[in-house]
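Here are my notes on the model, point by point. Please have the coordinates open while reading.

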Amino acid sequence: MSNNTNDIIEKDITTKEMTLSLGPQHPSAHGVLHLILDMQGELIIKADPDIGYLHRGTEKIAENLLYPQFVPYTDRLDYMCGMSNNLGYVMAVEKLLGIDITERGKYIRTIAAELSRLSGHLLCTGAWGLDLGAMSVLLYAMREREMVLDLFELLCGARMTHSYMRIGGVRYDVTPKFMEKCRTLVDWMPGKLDEYETLLTGNRVWMDRNQDVGVVTAEDALDLGLGGPNLRASGVDWDLRRDAPYLIYDRLDFNVPLGENGDCFDRYKVRIAEMRESVRIIGQCLDQMPEGPFNVDMPEIVPPPKKDVYKDMEALIHHFKYVSSGFKVPKGEVYSAIESPKGELGFYIVSDGSEKPMRLKIRVPSFCNLQATDHMTKGGYLADVVAVISSLDPVFGECDK
Amino acid sequence: MKKQAELVLIDRIKSKFPKAVVDTIVDRGEVTHVIEASEIVEACKFVKSDEELQMVYLSDVCGVDYHPRKPRFEVVYHMLSLKKNLRLRLKVRLAEGESVDSVTGVWRSANWYERETFDMFGIEFEGHPDLRRIYLAEDWEGHPLRKDYPLKGFKDDLNPNGIEE
């Protein structure tokens, strides 16, 4: 009996190569990711992401809408951080129009964009913990994310699909109550981030599951088109907020955290450090917030305040014109990119001089990040795939457009 | 300073490819070169390796349909230089049915971008390792981002509200 067992162990065990479908309905495949894995035993030979389950033809829809009408569709791209998508789109249109928004508008936008970075990274960290078996992190991350969503609700009434930014500024001014609550968050958040770090950073299981998993060198990261925290975790010192500053980022004091090894653990550390920087940025914006209008003074681009529309005939006509026929945008093409929580979010708009974009291409970071899955999981174990996917943080509203 | 960067982007490429650069457009601070389709891979290799440009990061590849203009399509490449902090746009113009060489040999990230362009416009990339649809189903007919593809799609059994072909 014992001889038989030894015989089996001493022989080379060869297994038939098999194909495993991870997703599109799988608790640890984010959203509707369908990974087709070619495996030899438990080793990954090839990982082929099959995407498109959430494709809604956003770019085709954009070609048939007026410029301001497309803002709500951008919320549904990366629905974890809708504000960043709003920002990317309105900035591209403003670049086409050649307008510069007001100081107060810029500050409000920066706060909103950084809050959405917090909300995106919090969910990423929480879901990542859950995927690797550290369930409590998700509960804590959700608690803080709730605070961020409450802030969004104070800002614009919506928690997920904000449509808060509009071409020429933002929809509503910030209220003193928002400022106060935001300040509370800024004071509260660093301590909470320490809490996550106590749970994860030194945790043996977390380290074992993430260190040296899904390693990408700096050259590979650039070649594969990784973006945002995933790029910086490989040690590439690049952040559009600092290197191609938009809004008021050139006036703010913040660091760009970098990783060294390019593994999942570094991607986690970079995200945590980025959240700390976001909190600092929000704090500085609150301190420096100037008075003044939050929209540009251009009636053809900015609709009148809603309360005037009910009382004033001129405002009603103005509102009607804005909603029904929009505004013409000069002919030309622009590519405008921002640093969204997932990476470089770019909008390439070709205008033919009419009220609707001739072509609108969205360069979505999740799509580009996901492309690296094969490179990062090859030769690893099936269990590592889960860590790699979580560390890439794909959101399928954005990836599938 | 800004102007100087523009000049570098214009001169380096124009002097290297005097014949292949069909047109150069500078608009809103963005430099665009329209390149002969046959030279695009050489141009991409050059902008990636050139000391003054170092465009190591391919941001995006996408198609644009200018129907009914002829040639109808444009394939647009957006690239980024991290060291020099420059952005550049290269374009090729293609008529319907024409194909262009794939730049997957220059940047691996072009793989999915080109698949997306193929899926949405039906533009074929010669030498692409794995050219198949990425978003739509394999048996999908037509290429939705073409201007002659209706928003509601074509009428068939599964899409009774579509437009008659």
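1. Which backbone oxygen does the side chain of S234(A) reach? The backbone oxygen of V216(A), at 3.0 Å. This is a predicted model, where local features need pLDDT of at least 70, side-chain atom pairs count only at pLDDT 80 or more, and totals for chains, interfaces and linings use all residues. Residues are numbered from 1 along each chain as its sequence is written, chains are lettered from A and ligands numbered from 1 in the order in which they are written, and side-chain values use heavy atoms, with hydrogens and water left out.

2. Helices (H or I, at least four residues) and strands (E, at least two) are DSSP runs, numbered from the N terminus. S234(A) has 7% relative accessibility and so counts as buried. Buried means under 20% relative accessible area, exposed over 50%, and partly exposed in between (1.4 Å probe, protein chains only). Beyond its neighbours within four places in sequence, S234(A) is in contact with V216(A), T217(A), A218(A), A221(A), G259(A), E260(A) and G262(A). Contact here means heavy atoms within 4.5 Å.

3. Y67(A). This tyrosine lies in the loop between α2 (58-63) and α3 (71-75) of chain A. Y67(A) is buried, because its relative accessible area is 0%. Not counting residues up to four places away in sequence, Y67(A) touches residues including Y89(A), V93(A), L96(A), I167(A), F327(A) and P357(A). G283(A) is 216 residues away along the chain, and the two C-alpha atoms are separated by 33 Å.

4. The largest nonpolar core. It holds 171 residues. A nonpolar core is a set of buried Ala, Val, Leu, Ile, Met, Phe, Trp, Tyr and Cys residues joined through side-chain atoms within 4.5 Å. I51(A), Y89(A), L115(A), F367(A) and Y77(B) touch the most other members. Domain 1 (3-48) and domain 2 (57-296 + 323-400) of chain A both contribute residues, so the core lies between them. Those domain bounds come from an automatic or database domain assignment. L115(A), leaving aside neighbours within four places in sequence, contacts V148(A), L151(A), F152(A), F178(A), L185(A) and I282(A).

5. The interface: extent. Chain A and chain B each supply 45 residues to the contact. About 3,800 Å² is buried between them, with carbon and sulfur atoms giving 53%. Buried area is the accessible area (1.4 Å probe) that two parts lose on being put together, summed over both. In chain A, K60(A), D223(A) and Q371(A) lose the most area to chain B, together 17% of what that side buries.

6. The rule finds twelve salt bridges across it. A salt bridge is a side-chain nitrogen of Lys or Arg within 4 Å of a carboxyl oxygen of Asp or Glu. K95(A) and E30(B) form a salt bridge through their side chains, at 2.5 Å, N to O.

7. Chain B overall. It has three helices and seven strands. Their order along the sequence is α-β-β-α-β-β-β-β-α-β. The C-alpha atoms fill a box of roughly 60 × 30 × 25 Å along the principal axes. Of the 165 residues, 52% count as buried.

8. The β3-β4 loop of chain B: check omega. Two cis peptide bonds deserve a look. One runs from H67(B) to P68(B), with omega near 5°. The other joins K70(B) and P71(B), with omega about -5°. P68(B) and P71(B) both belong to the loop between β3 and β4. H67(B) is in that loop too, between β3 (57-65) and β4 (73-81). H67(B) counts as partly exposed, because its relative accessibility is 38%. Its contacts, neighbours within four places in sequence aside, are R72(B), K147(B) and D148(B).

9. Positive phi in chain B. Q54(B) is not a glycine, yet has a positive phi of about 50°. It lies in the loop between α2 (40-49) and β3. Q54(B) counts as buried, at 14% relative accessibility. N85(B), also a residue other than glycine, has phi near 55°. N85(B) is in the loop between β4 and β5 (86-94). N85(B) is partly exposed, with a relative accessible area of 36%.

Notes
Polar contact = N/O pair within 3.5 Å; in protein donor to acceptor, adjacent residues only side chain to side chain.
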